[in-house]
Amino acid sequence: MASTSTNSTTSCDSSAGDIKRIGILTGGGDCPGLNAVIRAVTKTAIMNHGYEVFGIEDGFLGLVQNRITQLTGDSVSNILTVGGTILGSSNKCDPLHYYTGTDDDGKPIHKDVTDRCLDHIHHHHLDALVVIGGDGTMSVSKAFVEKGINCIGVPKTIDNDLVGTDITFGFQTAVETASWCIDRIHTTAASHHRVMVVEVMGRNAGWIALHTGVATGSDVILIPEIPFDYDVICGFVQDRQRRGKRSSIICIAEGATPKGGQQVVRELDPSSPDPVRLGGIGKVVADTIEECTGIETRTTVLGHIIRGGTPVHNDRLLGTRYGYHAVRLLSEGKRNRLVVMRNHSVTDVSILDAANKQRIVPLDDALIESARAVGTCFGDIPCCRKDR
Ligand code: F6P
């Protein structure tokens with residue numbers, strides 16, 4: 001990767017001397033590399049600028065509940081390679097719509113508790129917050145920005161769906177882990193001459209399924225951006241059988257849908273600002289294939305396995321570079337920026353640009369084109385082989 005760019009088109013309305021204490025939190029679903037960012041922010045801030053750093057526990061929940069403790073160099077020692085987050089995280093807390101229970105009809109009750117958070121920020125004399133998260137975290141941060149709190153965002157999520165950045169940390173580890181799993185599924189699929197459907201996370205974006213599918217040579221890749229046709233998939237699998245390929249691997253994103261169909265919802269979590277939890281489309285596809293083709297078909301849902309574990313080296317590098325850049329922005333007096341990767345350089349954009357948006361796979365993505373060229377089926381158009 002190229003070195004850190006200085007290309008920061010930022011508003012510069014506070015002097016560098018304004019910062020003495022910073023708060024740091026990890027919001028949303030966890031992912032590998034969070035600790036690398038926490039370490040980089042804390043060490044850069046303390047060792048290079050003399051700032052004091054305060055860790056906020058469990059994302060915005062810790063801000064609401066005033067669970068904030070000082071971090072030292074020792075607190076972040078030996079965490080670079082460790083998955084998860086030493087601060088804890090929550091994907092359920094939006095202080096603007098804080099869940100307080102249900103009414104008599106079972107409907108969720110939400111309350112705006114941002115003022116309570118502001119009290120806690122002021123109580124600890126925090127001059128800025130480093131918010132490490134995805135689109136949900138950036139959306140919540142917007143409320144604090146509007147109330148005058150300087151928020152510097154760092155883009156996290158295995159889904160890789162944050163607007164403004166070419167890559168989020170955590171994504172590459174998720175793809176690596178999913179690929180490791182599918183490599184193993186290949187051999188059992190071959191032994192039993194089965195179709196194996198492997199479902200991966202990613203919400204409404206197909207980045208994980210696309211990259212994992214291509215990296216593992218999956219025969220079919222199904223992503224939310226390309227609605228699929230059952231006839232195309234079944235025809236493709238049968239065509240493979242006719243050519244002597246007795247097993248097939250289908251890598252499917254949890255958000256994939258058949259043409260004219262709907263996403264499969266695993267559960268609705270009313271206490272979460274984003275209550276929909278996807279999951280289950282893999283089994284639906286597997287059942288349909290078995291019924292239509294008569295070929296024995298199995299489903300594996302990788303689920304949270306791909307969110308855990310030690311980050312791959314690239315996520316450690318990304319986390320370190322992103323964390324360093326976040327503190328550098330503060331030291332330069334910048335406000336309300338999101339650290340991003342653009343064309344292999346670390347730079348930054350307005351944090352408001354990333355709020356409430358998701359970056360999905362464009363249909364002209366080069367990887368889709370390359371995969372189609374090597375015979376991968378995306379379930380949308382018949383893909384008959386000409387090399388027989
Ligand atoms: O955003 C990360 C993610 O893992 C998604 O890929 C997935 O849809 C969701 O979080 C799962 O959320 P939870 O951990 O609440 O089940």
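Predicted model: local features only at pLDDT ≥ 70, side-chain atom pairs only at ≥ 80, totals over all residues.

The largest pocket has a volume of about 890 Å³. Its lining counts 40 residues. Closest to the centre are Gly 29, Asn 91, Arg 203, Asp 274 and Arg 277.

Now, where does the lining come from? Domain 1, which is 16–169 + 311–354, supplies at least three residues, and domain 2, which is 173–306 + 363–373, also supplies at least three. By element, at least two residues each come from helix 4 (135–146), strand 11 (265–268) and strand 12 (276–278). Helix 4 gives the most, with five residues.

On to the ligand. Which residues surround it?

Arg 277 places a side-chain N or O atom 2.7 Å from a ligand oxygen. For His 304, a side-chain N or O atom sits 2.9 Å from an oxygen of the ligand. Gly 202 works through its backbone: a polar atom there is 3.0 Å from a ligand oxygen.

How much of the ligand is buried by the protein? Alone, the ligand exposes 400 Å², and the protein buries 84% of that.

One last pointer for your screens. Look at Arg 277 again: this residue is among the closest to the pocket centre, and its side chain is 2.7 Å from a ligand oxygen. That's my part done.

Conventions:
Residues numbered from 1 in each chain as written. Heavy atoms only, no water. 1 Å grid on protein atoms, 1.4 Å probe; cavity = no way out; pocket = protein on both sides within 12 Å on 5 of 7 lines; lining within 4 Å. Points joined across faces, edges and corners; volume = space filled by probe spheres on them. Helix = DSSP H or I, 4+ residues; strand = E, 2+ residues; numbered from the N terminus. Domains from an automatic or database assignment. Polar contact = N/O pair within 3.5 Å; in protein donor to acceptor, adjacent residues only side chain to side chain. Areas by Shrake-Rupley, 256 points an atom, 1.4 Å probe, with all protein chains shown as cover.
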